[in-house]
Amino acid sequence: QVHVVESGGGLVQPGGSLRLSCTLSGSTFAINAMGWYRQAPGEQRELVAAITGDDNTNYADSGKGRFTISRDNAKNAVYLQMNSLKPEDAAVYYCNMNTSDPWGDEHYHWGQGTQVTVSS
């Protein structure tokens with residue numbers, strides 16, 4: 001059984017920073033891409049940032065220059081450093097991990113989300 005757990009959300013003032021963490025536990029053969037998504041009330045879930053198995057990164061325009069995604073393969077973890085936060089960054093942030101089994105089948109695992117609130 002694979003579990004994905006996010007942490008690090010909270011309340012921050014505009015201009016502040018937060019670092020989100022996400023860890024996968026359980027047995028898995030390989031972890032491929034990892035990503036962060038967010039969903040604000042009444043909105044669809046959207047990609048924030050993603051990182052491939054060979055460390056290629058991709059960012060939504062909204063976070064370019066402010067957010068940095070990184071991964072630690074030894075810890076089965078992915079991180080999102082968010083700087084210069086804006087009220088419009090407030091949302092529930094979800095981690096997604098793409099894994100493969102020994103037969104080459106891919107699986108996508110979501111965490112339960114962590115709330116980020118940006119307010120003065």
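User: In which strand does E46 lie?
Analyst: E46 lies in strand β5. Keep in mind that this is a predicted model.

User: Which residues does E46 touch, not counting those up to four places away in sequence?
Analyst: E46 touches W36, Y37 and R38. The C-alpha atoms of E46 and W36 are separated by 8.7 Å, and the two residues are ten apart along the chain.

User: Back up a bit. How many helices and strands does the chain have?
Analyst: There are zero helices and eleven strands. Read from the N terminus, the elements go β-β-β-β-β-β-β-β-β-β-β.

User: What is the order of the strands in the open sheet of four?
Analyst: The order is β1-β3-β8-β7, and the pairing is antiparallel. β1 (3-7) and β7 (67-72) are at the edges; each has a single partner strand, so one side of each has no neighbour in the sheet. From one strand to the next, the twist averages 15 degrees.

User: How many bridges join β1 to β3?
Analyst: Five bridges join them, and the two strands run antiparallel. β3 covers residues 18-25. As an example of a facing pair, S7 stands opposite S21 in β3.

User: What about Q81, where is that?
Analyst: Q81 is in strand β8. Its relative accessibility is 26%, so Q81 counts as partly exposed.

User: What does Q81 touch, leaving out residues up to four places away in sequence?
Analyst: Q81 touches S17, L18, R19, R66, F67 and T68.

User: New topic. How many aromatic pairs does a search of the whole structure find?
Analyst: The search finds one aromatic pair. A pair of aromatic rings is described by the distance of the centres and the angle of the planes.

User: Which rings are they, and why is the pair called edge-to-face?
Analyst: They are the rings of Y37 and W110, with centres 5.0 Å apart and planes at 65 degrees, so the pair is edge-to-face. The cut-off for that label is an angle over 60 degrees.

User: Where do Y37 and W110 sit in the chain?
Analyst: Y37 is in strand β4 (residues 30-39) and W110 is in strand β10. They are 73 residues apart, and the pair links distant parts of the chain. Y37 has 24% relative accessibility and so counts as partly exposed. W110, at 40%, also counts as partly exposed.

User: What does β10 pair with?
Analyst: β10 (residues 106-110) is joined to β9 (residues 91-100) by five bridges, and the two run antiparallel. One of the facing pairs is N98 with Y108, which is in β10. β9 and β10 form a hairpin with five residues between them.

User: What is the phi of G104 in that turn?
Analyst: G104 has a positive phi of about 90 degrees.

User: Which residue other than glycine has a positive phi near 70 degrees?
Analyst: That is D55. D55 lies in the loop between β5 (46-51) and β6 (57-59). With a relative accessible area of 49%, D55 is partly exposed. S84 is also a residue other than glycine with a positive phi, near 50 degrees. S84 is in the loop between β8 (77-82) and β9. At 42% relative accessibility, S84 counts as partly exposed.

User: Why point those two out?
Analyst: Most residues other than glycine have a negative phi.

User: Last topic, the whole chain. What does it span along its principal axes?
Analyst: The C-alpha trace spans about 50 × 25 × 25 Å. The radius of gyration is 14 Å, which agrees with the value near 14 Å for a compact globule with 120 residues.

User: What share of the residues is buried?
Analyst: Buried residues make up 38% of the 120 residues. The chain exposes about 6,600 Å², and carbon and sulfur atoms supply 46% of that area.

User: And of the contacts between residues at least 6 apart in sequence, what share joins residues at least 24 apart?
Analyst: The share is 54%.

Technical notes: Residues numbered from 1 in each chain as written. Predicted model: local features only at pLDDT ≥ 70, side-chain atom pairs only at ≥ 80, totals over all residues. Heavy atoms only, no water. Pairing = 2+ DSSP bridges. Axes fitted to C-alpha atoms, helices over the stretch in contact; angles between N-to-C directions. Rg over C-alpha atoms; globule rule 2.2 N^0.38 Å. Buried < 20%, exposed > 50% of the residue type's maximum accessible area, 1.4 Å probe, protein only. Contact = heavy atoms within 4.5 Å. Areas by Shrake-Rupley, 256 points an atom, 1.4 Å probe, with all protein chains shown as cover. Phe/Tyr/Trp six-rings, centres within 6.5 Å; stacked < 30°, edge-to-face > 60°.
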